[in-house]
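Student: Could we go through this structure together, one question at a time?
Tutor: Gladly, here it is.

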Amino acid sequence: MRKIILDVDTGSDDAVAIMAAILSPDIQLEAVCSVDGNKDIDKTTENTLRVVQLLGSDVPVYRGCRAPLVKFLCPDRLPRRGESKPIVKDGKVIQMHADYLDIPAAEIKEQPISAPEFYVQYLRQATEPVTIVAVGPLTNVAMALMMDGTVMDKIEEIVIMGGGYNITNVTPTAEFNIWHDPEAAQFIVHCGAKVTLVPLDATHAACITLDDCERFRKLGTVSGDFAAALCEQRIAVHDDSQPLAVPHAAAVHDALCIAYLIDPTVLKDVREVHCDIGFRDFSEGQTILDPRYYTEEKNCRFAFDGDRFKFVDILCDLFARDKKSGR
Amino acid sequence: MATKVILDVDTGSDDAVAIMTAALSPDIDLVAVCTVWGNRPIENTTDNTLRLISALGVDVPVYKGCDTAMVKYLTNDYVENKERPVVMYNGKAFTMHSEHLDLPEPKIAPQDVPAACFYVDYLRHAKEKVTLIPVGPLTNLGLALRIAPDIVENIEQIVVMGGGSKITNCNPWSESNIWHDPEAAQIVAECGAKVVWVPLDATHRACITMDDCKRFREIGTFSANFAAGQCEQRIIVHNAQQPLDIPDAAAVHDALCVAYVIDPTVITDLRHCHIEIGLSGYGEGQTIVDQRAYPLEKNGYFAYDADRFKFVDILCDCFKRDKQK
Amino acid sequence: MPRLCRGICQPAERVWKMEPKRIVLDVDTGTDDAIALMTALLAPQLKVEAICTVHGNTTVENTTANTLKAAYAVGRTDVPVYPGAAGPMVKRLIPSRAIPVPEPILSGTAQIDGVTVAMNPDELPLPVSPQQAEDQPAAVWYLSRLRSAQKKATIVATGALTNLGLALAIDPGIADGIEEIVIMGGGVKKSNITASAEANFFKDPEAAAIVLGCGAPITLCTLDATHSCALTREHELKIRKIGTPAAVFTANDIHARRESYARLQPLERAGTAPIHDALCVAYLLDPSVLTQVEDACCTVDCSAGISEGRLQVDTRYFKGKCNLKLATQADPDRMCDILVSVFEKAKSAKERGKVQSAV
């Protein structure tokens, strides 16, 4: 059993990741931390609680940082993304991430301490190594490791959904999670822990199709149904604004990190690289890999490809284990 | 009819090959050569350019250009470039670009007017459109475009040697020419003229091998022999520091831009893209190509591949025309 | 001529016979630029060799047209006007550096005799000049002028410093051909366009940094200096009484500025307004108008963000090498007297000329 802490900005694909982590027999989910990212911290925390509650899990949820470390201090770095046009389908507005997940409001409560405090306390007391799976901006993790560097040896691996080499989304150079808090990301990739980046190159390859959604539904469980709905929503948005190589498919980025923990071979073409993060201007949030023969010191692992068939099989196995049956 | 061309060089071993090719090609009417800082300080790059033009015995005016980047060094907010060590080979020291080209002292002097002013004056009064081939940092052109943005009207195209999408040489994200003056490069990228970027992705594909150097030497002219010498020097350094896919080969970047103007099919994968230049921190001097499904407005052409056999043939054709033995 | 009279006349005569100082104006006209320009053109102690224009208060097309108008308003169509840069050297390359600026700060209007007078209109309310601007861009002209072995030039720069920045980037050696650069720009304790920056520096911080570091002697008339010599209603009336076009234009601008400043950025002394750019010319006519000037080591912040375009003054005990004279205070009465003196003398000279031609 691999102990993990999941750090999320729930988020549609985060929800799939949380369910997968809760249901996996290979994973012992110690805690889920929320962070500012896809949505503001109130929404990502509430959404996280909703997913945990939906599966009847007792995993503790910690509220994390409400803004990136330093980015918003500089007026020239405030986000200036153009508003994306809403997609209307069957009279419903569809977004990559809805403000609130379409499941019952949370009655369970978040823990009384913040996510960075939890990380420090947990890691100080840990007797076994733990893996941190961060699928949102890296603010909480960077904050915690800045507060206490002595806990580094308790970290088995940091698995990050973030970055992109041949593929980007939020700007010509950047993927959202890294772009949202570039300083935190730079701190983490250079922190000395074993860092595995699961970038868009891998997550776009390991896409989920409408047919896969059918498979999820046929499982007849709550998690299978909800995952299918979330993936369909993502497919609608992908089809509209960033069509993938496989038609009618969507990247479900965050869940791929959980699948990797269950079966590392779901990531393909994982290379040791030297990676830096751009901070300013056009390169802000870019994962810059050194392509030179005389490369600088390698500091992390970067997945260039993913196996979509294996990925779906893993998810199906997990959702089938859900004891709560669907509609 | 021959294409009117202005070269902008920081001579430079590969710049030397580019100058000779342009000066000798029947398809190119070389209007002027501007110099710029870059591979070496401006005094060296100008002196080297003058030496080469003298040795070639052609009548082309040389305009001395800028000695540093437009604004980069005003702040300490730039990443230091690590010098690559000298390569020792057969007891001799080799660098990619020698301080002085191994040629006699120049017989000609540079013109009085600075290069940037020449661009403004010449392009404003040009009767036909001119192709610009800047193969060093883009400082001269960047300044000229800021002084007189209207000069783009008389620019046929700008064929830039610079940048790299999947290959870099200066640091993890940038190629030297662009890194040396990123702001100037971005001014060129968004100036509105047709800009063709010939980056490392293309120039490393169009490499020159030791066998090619032999072919040059068999031609027996001054330019062929001199080019062979420059290429051999580059191969030694490439082998030691950045070996290419093909063994015993070197990229001769700058000459590929000239070859492209002579025969565009030497570039085999030219894509219309949105290109912008990183301006600070990690990413400074990076040529950013927007690869998203929903890219920003396309503003340039980026060369991803080139035909090395055609490239060598073009060079040989030009060197054969040289009257100097 | 009686000996006594000659003795008395001598100092004045010496002034008049001294060769006028050769100056170049670099302006983004602009009402206060226009006042600086008219004063310089009318003062016999100065010979305006050329006027360069630049983007700033408005587009370079407008500032060029306004410059020609302002020169024509004082009867001059013979001074070459070189159109300059349309935008900053590099600043606009970065979208995030276009920090929005609160507009009203720079655009106020007032009513004078029922006519609306704007503080910074795009087009100056003056007759169109028959003179055409030159073809040569300002930066190219600077290079040819300053590289040649002519006499050194004094440059009065009252807009963004782009033209000089470009010219110095092409050839830093031209600094040797400069006698002095008198700049309106920056602020030590004062700013206007952002919390930290004055407009001329903010509009092209890189150019400003290049110019301040070029090695030529520089006198910097900061916002602190121009605000400290803001002119009053009494000054306005004194100038208006002269009645010449230049005097009326100046009085009108003082009026418009007094009202606008009272409304938009009230100064310590109520009802006053700074005529920033004119202070530079006043200084050339009488250096004592600047009452607090110190040697300082200064540069301009070129980073994106909250301190972009800020004048950085090294205040440490072990400060860097001083590169300019930093003016932070000036005398408003003296400034008014200088303007009055120039306008009066021009008026009487003109009247003398009329009498002579009548004779």
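Student: Is helix α6 (residues 182–189) of chain B mostly covered or mostly open?
Tutor: A quick note before we start: this is a predicted model, in which local features need pLDDT of at least 70, side-chain atom pairs count only at pLDDT 80 or more, and totals for chains, interfaces and linings use all residues. Residues are numbered from 1 along each chain as its sequence is written, while chains are lettered from A and ligands numbered from 1 in the order in which they are written. A residue is buried if 20 or more other C-beta atoms, placed from the backbone, lie within 10 Å of its own, and helices (H or I, at least four residues) and strands (E, at least two) are DSSP runs numbered from the N terminus. Eight of the eight residues of α6(B) are buried, P182(B) and I187(B) among them, and the helix is mostly covered.

Student: Which elements of chain B do the buried residues of α6(B) pack against?
Tutor: Contact here puts two C-beta atoms, placed from the backbone, within 7 Å. By that rule, the partners in chain B are α4 (139–147), β7 (155–161), α5 (176–180), β8 (195–198), β12 (275–277) and β14 (300–306).

Student: Which residues does V188(B) touch, leaving aside its neighbours within four places in sequence?
Tutor: V188(B) is one of the residues with the most contacts inside the largest nonpolar core, which has 224 residues. Such a core is a set of buried Ala, Val, Leu, Ile, Met, Phe, Trp, Tyr and Cys residues joined through C-beta atoms within 7 Å. The residues that V188(B) touches are L138(B), L141(B), G142(B), L145(B), I158(B), V160(B) and V195(B).

Student: At what angle do helices α1 and α2 of chain B pack?
Tutor: A16(B), I19(B), M20(B) and A23(B) in α1(B) meet T49(B), L52(B) and L56(B) in α2(B). Axes are lines fitted to C-alpha atoms, for helices over the stretch in contact, and angles run from 0 to 180 degrees between N-to-C directions. The axes of α1(B) and α2(B) are 11 Å apart, and the angle is about 35 degrees.

Student: What is the radius of gyration of chain B?
Tutor: The radius of gyration is taken over C-alpha atoms, and the globule rule is 2.2 Å times the number of residues to the power 0.38. Because chain B has 325 residues, a compact globule would come out near 20 Å, and the chain agrees with that at 18 Å.

Student: What share of the residues in chain B is buried?
Tutor: Chain B has 11 helices and 14 strands. Of its 325 residues, the buried share is 60%.

Methods
A residue is buried if 20 or more other C-beta atoms lie within 10 Å of its own, exposed if 12 or fewer, and partly exposed in between; C-beta atoms are placed from the backbone.
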